Amino acid sequence: MDYKEEDHHNRFRVLMFPWLAHGHISPFLELAIKLTQRNFYIYFCSTPINLSSIKQQLTHHHETTTILFNPSLIQLIDLHLPSLPNLPPHYHTTKSLPPHLMSTLKKALDLSTPSFSNLLSTINPDLLIYDFIQPWAPTAASRLNIPAIQFLSTGAAFFSFFLHLLENPAVKFPFPSIYLTDYEERRVSQIMSYSDGLKDRDRLIQSINRSSNIVLIKTFREIEGNYIDYLSSSVGKEFVPVGPLVHEPPDFDNQMKKFSEWLVKKEKSSVVFVSFGSEYFMSKEEVEEIAYGLELSKVNFIWVIRFPEEEDNMRKISLHEVLPEGFMERVGVKGMVVEGWAPQAKILVNCKIGGFVSHCGWSSVMESMKFGVPVIAMPMHLDQPLNARLVVELGLGVEVQRGGDGGCRFEREEVAKVIKEVVMEKEGEEVRRRAREISEKMREKGEEEIDVLVEKLEQLCKKKKEHYLV
């Protein structure tokens, strides 16, 4: 295997190893790009199915961005997972992975430990940056005297709450605006405790404990300073914010053509963008309530709906089967429904967008802040409810409250009410102003966090080099 020594002999060499999910790979990749603009050469390790899409992202980034970026400073490294029943290579990613195979994917990744150790030994990087699923990665690095640090692609509010829940369940969390409802707490508990191997909660704690002195986290001090300090104090390691890691989209490219042609006919800030991320599939009931909510709000919208890919002989669901009968005819030119994918950042940055109906995945929250778009929060699972509470605490959005028995269902009237408030009504003026204000602050501060981070990473890399010179 050729590792192109001539391309990076004067740079610090970093191996980056994210979990196999887009929501983790994307911030790792954005961080990799920023580090190559300093004095680093990056080896980016993932499965072949993920690397094929990463290669496309890097090419597109290089062709469309105005920022100086040399893609040859990022080398993609294949990690081949062992073959397991029901887990062919196209499932070596969380994208379109059937939910019942998630624990199998984690097991396959765990079984790849020897292969990863061989890669580490061959590459011998100056530093390993790893994710929370694979606590064995820093252990393998330590055997080779390679410093390793964890990078959390979640927010500090979520992570501090979750860590508190694990370690002090009987003690009230000291920040009352961040909380889970009983329904949400039951769901999080079920997800984090279920596994046919190492539980996620154990993976997380072990990964934190094995990080060398510092832990990186995708946030910035202006919005989460209290939570960053609380984490550093609780864990006994410095949590270092790396900024929002949001890719600035180009003014125009072919991916935006049909959306731009539709948006040009709308008034400024009159459209809501509706998307629930790349890995959450809504039930038919959820789709119906959102559809009726949009219709009742009378607001213009672009709505992205995703369905699981076909598995075995199962027929893929189609849009017309889940949307209410006559929905598209009734909303007419006010609505655009897209199946599968849309260029989210490029749409959000458009001046016609006045609100973002979002599941509050952390990357989506960062994008809404960067582009000054107020949030209509509809969290579904995992970290999303806590991210939504932070959005509300910061005054950047309003949460759609669940109703029904046990507070577990979104209802159309509430969806419509919050959309109208945030986008159209006087009550939403402060939220709209606050969203613009945070966006301006983010642009003004530039690369502050990355500059601080680079100093800390260089210190770790120098220690490793000094070890071999002794």
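Lys 34, Arg 38, Glu 447 and Asp 451 are linked in a network of salt bridges. A salt bridge here is a side-chain nitrogen of Lys or Arg within 4 Å of a carboxyl oxygen of Asp or Glu. The model is predicted: local features need pLDDT of at least 70, side-chain atom pairs count only at pLDDT 80 or more, and totals for chains, interfaces and linings use all residues. Residues are numbered from 1 along each chain as its sequence is written, and side-chain values use heavy atoms, with hydrogens and water left out.

Glu 447 forms a salt bridge with Arg 38, and the closest N and O atoms are 3.4 Å apart. This pair links distant parts of the chain, 409 residues apart. Glu 447 sits in the loop between α18 (429-445) and α19 (448-469). Arg 38 sits in the loop between α1 (22-36) and β2 (40-46). Helices (H or I, at least four residues) and strands (E, at least two) are DSSP runs, numbered from the N terminus. Glu 447 counts as partly exposed, at 31% relative accessibility. Arg 38 is also partly exposed, at 21%. The classes are buried (under 20% relative accessible area), exposed (over 50%) and partly exposed in between, with a 1.4 Å probe and protein chains only.

In total, 21 salt bridges are counted by this rule. Another one joins Glu 399 to Arg 389, with the closest N and O atoms 2.8 Å apart. Glu 399 lies in strand β13 (residues 397-399) and Arg 389 in helix α16 (residues 384-393), so the pair ties together parts that are 10 residues apart in sequence. Glu 399 is buried, at 9% relative accessibility. Arg 389 is buried too, with a relative accessible area of 4%.

A further salt bridge lies within a helix. Glu 288 pairs with Lys 284, the closest N and O atoms being 2.8 Å apart. The two are four residues apart in helix α11 (residues 284-297), so about one helical turn separates them.

Now turn to the sheet. Seven strands form an open sheet with parallel pairing, in the order β3-β2-β1-β4-β5-β6-β7. Strands pair if DSSP finds at least two bridges between them. The edge strands, β3 (74-78) and β7 (238-241), each pair on one side only. Neighbouring strands are turned by 25° against each other on average, direction ignored.

Leu 216 stands opposite Val 240 in β7. Helix α9 (residues 221-235) lies across β6 and β7, running at about 150° to β7. Contact means heavy atoms within 4.5 Å. Axes are lines fitted to C-alpha atoms, for helices over the stretch in contact, and angles run from 0 to 180 degrees between N-to-C directions.
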